[in-house]
Amino acid sequence: MPLLFLLLLFLTATAISAGELPAFREAPAFRNGKECPRIVRSSLDNPSMIHIAMTLDETYLRGSVAGVFSVLQHASCPENIVFHFIASRLYSHNNNLRHVITSTFPYLSFHLYLFDSNLVKGKISYSIRRALDQPLNYARIYLADLVLSAVRRIIYFDSDLIVVDDVAKLWNINLGKHVVGAPEYCHANFSHYFTQEFWSRPVLAASLKGRKACYFNTGVMVIDIWKWREGKFTQRLEYWMRIQKRWNQHGLGGDNLEGLCRNLHPGPVSLLHWSGKGKPWLRLDNNRPCPLDTLWSPYDLFLRHHSTSNFFSDT
């Protein structure tokens with residue numbers, strides 16, 4: 001009988017902890033300097049207000065908290081920053097997510113939006129990384145439909161990066177006539193990115209003819225929301241998502257190699273992005289950090305006495 005009682009206690013404790021989110025230390029308050037313009041937080045179209053969007057989910061919550069902390073710590077006018085967090089509509093802990101943010105950042109100005117996963121139903125191209133197949137990963141292309149209409153421009157950040165410079169420098173970049181500003185990578189192999197059947201169809205193949213073999217990383221974007229809406233870019237991307245689901249054979253690269261550590265690129269650095277499968281919090285918890293993971297750890301507000309199991313896997 002005592003053994004059965006202990007077993008019931010263990011099962012009850014497991015059931016309770018499975019519904020909880022990890023806890024974080026409270027971040028210090030970051031205040032504006034005298035040179036910062038005063039703003040009315042209810043007026044979201046104020047040009048002195050910086051809008052940043054990030055997703056929140058149980059897998060990357062620890063990274064999101066570190067990212068927010070890094071932005072605030074290096075911002076010249078942290079009180080002028082408004083965060084726009086997006087969580088899955090199907091996620092059962094939205095109230096808990098709000099509590100995590102308010103308890104960790106009591107002075108933070110933010111909005112929490114719910115993303116309907118049905119919007120991408122039947123449009124996702126599955127890869128060998130489960131984390132990339134989650135509907136919330138595609139919420140970024142619906143930002144123009146999610147955020148409040150008064151928001152004209154927004155920065156989107158992935159949850160696996162830290163900012164080590166004043167985010168105002170990124171916010172103030174001149175987009176000119178462009179809709180999006182993002183890191184560009186060239187020398188992509190488009191011939192292997194799509195299947196042979198894709199290239200055998202003249203209409204599809206012609207859409208890429210004469211284009212440079214370049215793409216941009218959607219983990220860091222400055223977006224002109226109004227131009228995005230005017231150009232109906234969400235609908236245009238949905239069209240390509242349907243094509244990609246059928247014709248794309250992505251996920252064949254080397255980002256999933258375990259134990260692969262990378263070095264910094266030469267030159268000044270304003271943002272550090274742990275794109276790919278390897279995440280600093282996973283390696284730190286397993287006592288197998290890469291050298292650059294030590295640059296992420298100072299922003300980690302995670303309370304160590306809470307269990308990390310099931311929350312931070314990325315397969």
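Predicted model: local features only at pLDDT ≥ 70, side-chain atom pairs only at ≥ 80, totals over all residues.
Visitor: In what order do the strands of the open sheet run?
Guide: Strands here are DSSP runs (E, at least two residues; helices are H or I, at least four), numbered from the N terminus. Two strands pair if DSSP finds at least two bridges between them. The open sheet has 6 strands with mixed pairing, and the order is β3-β2-β1-β4-β9-β6.

Visitor: Which strands stand at the edges?
Guide: Look for strands with a single partner, because one side of each is then left without a neighbour in the sheet. Those are β3 (109-115) and β6 (180-181).

Visitor: How many residues of β1 are buried?
Guide: Buried means under 20% relative accessible area, exposed over 50%, and partly exposed in between (1.4 Å probe, protein chains only). In a regular strand, side chains alternate between the two faces of the sheet. On one side of β1 sit Ile50, Ile52 and Met54, on the other His51, Ala53 and Thr55, and both faces are covered. For β1 (residues 50-55), the buried count is 6 of 6.

Visitor: In which sense do β4 and β9 pair, parallel or antiparallel?
Guide: On its β1 side, β4 (residues 153-157) pairs in the parallel sense over 2 bridges, with Tyr156 opposite Ala53. Towards β9 (residues 220-224), Ile155 has Val222 as its bridge partner. Over 5 bridges, β4 and β9 pair in the sense called antiparallel.

Visitor: Which side chain does the side chain of Asp160 contact?
Guide: Asp160 lies in the loop between β4 and β5 (161-163), and counts as buried because its relative accessible area is 6%. A polar contact is a pair of N or O atoms within 3.5 Å; within protein, one must be able to donate a hydrogen and the other to accept it, and residues adjacent in sequence count only if both atoms are side-chain atoms. At 2.8 Å, the partner is His273.

Visitor: Is Val269 buried or partly exposed?
Guide: Val269 is found in the loop between α10 (233-247) and β10 (271-273). Its relative accessibility is 31%, so Val269 counts as partly exposed.

Definitions and conventions: Residues numbered from 1 in each chain as written. Heavy atoms only, no water.
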